[in-house]
Amino acid sequence: MPLNIRSEEVNQRAEKLASRAGVSKTEAVRLALTNEPARRVPLAERLKPLLDRMDAVPRTGLEADKAFFDSLNDE
């Protein structure tokens, strides 16, 4: 079923997204409609899996100070 975009602003936004993504306008609209619901999820909820992985890494108790970073660069 065809989608007729009658708003010039929406048409321009679709063209801009298509140009940036290197895809057709139709694909740009599909991408936007696919990705927008995920953007509506609160940031804390989207970051939770990453934060959980970080929390799973054991703490060493060592402090990463200037001397530590200098030692990485043989300074």
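User: Is Phe68 buried, exposed or partly exposed, and what is the relative accessible area?
Analyst: Phe68 is partly exposed, at 38% relative accessible area. Buried means under 20%, exposed over 50%, partly exposed in between (1.4 Å probe, protein chains only). This is a predicted model: local features need pLDDT of at least 70, side-chain atom pairs count only at pLDDT 80 or more, and totals for chains, interfaces and linings use all residues. Residues are numbered from 1 along each chain as its sequence is written, and side-chain values use heavy atoms, with hydrogens and water left out.

User: And Phe69, buried, exposed or partly exposed?
Analyst: Phe69 is partly exposed, with 44% relative accessibility.

User: How many aromatic pairs are there?
Analyst: One. The ring centres of Phe68 and Phe69 are 5.2 Å apart and the planes sit at 75 degrees, so the pair is edge-to-face. Rings of Phe, Tyr and Trp (its six-membered ring) pair with centres within 6.5 Å; planes under 30 degrees apart are stacked, over 60 edge-to-face, the rest tilted.

User: New topic. Where is the kink in α3 centred?
Analyst: On Pro49, with a kink of about 40 degrees. The bend is the angle between axes fitted to the seven residues ending there and the seven starting there.

User: Asn11 next: buried or exposed?
Analyst: Asn11 is buried, at 16% relative accessible area.

User: Which side chain does the Asn11 side chain make a polar contact with?
Analyst: That of Lys25, at 2.6 Å. A polar contact is a pair of N or O atoms within 3.5 Å; within protein, one must be able to donate a hydrogen and the other to accept it, and residues adjacent in sequence count only if both atoms are side-chain atoms.

Definitions and conventions:
Helices (H or I, at least four residues) and strands (E, at least two) are DSSP runs, numbered from the N terminus.
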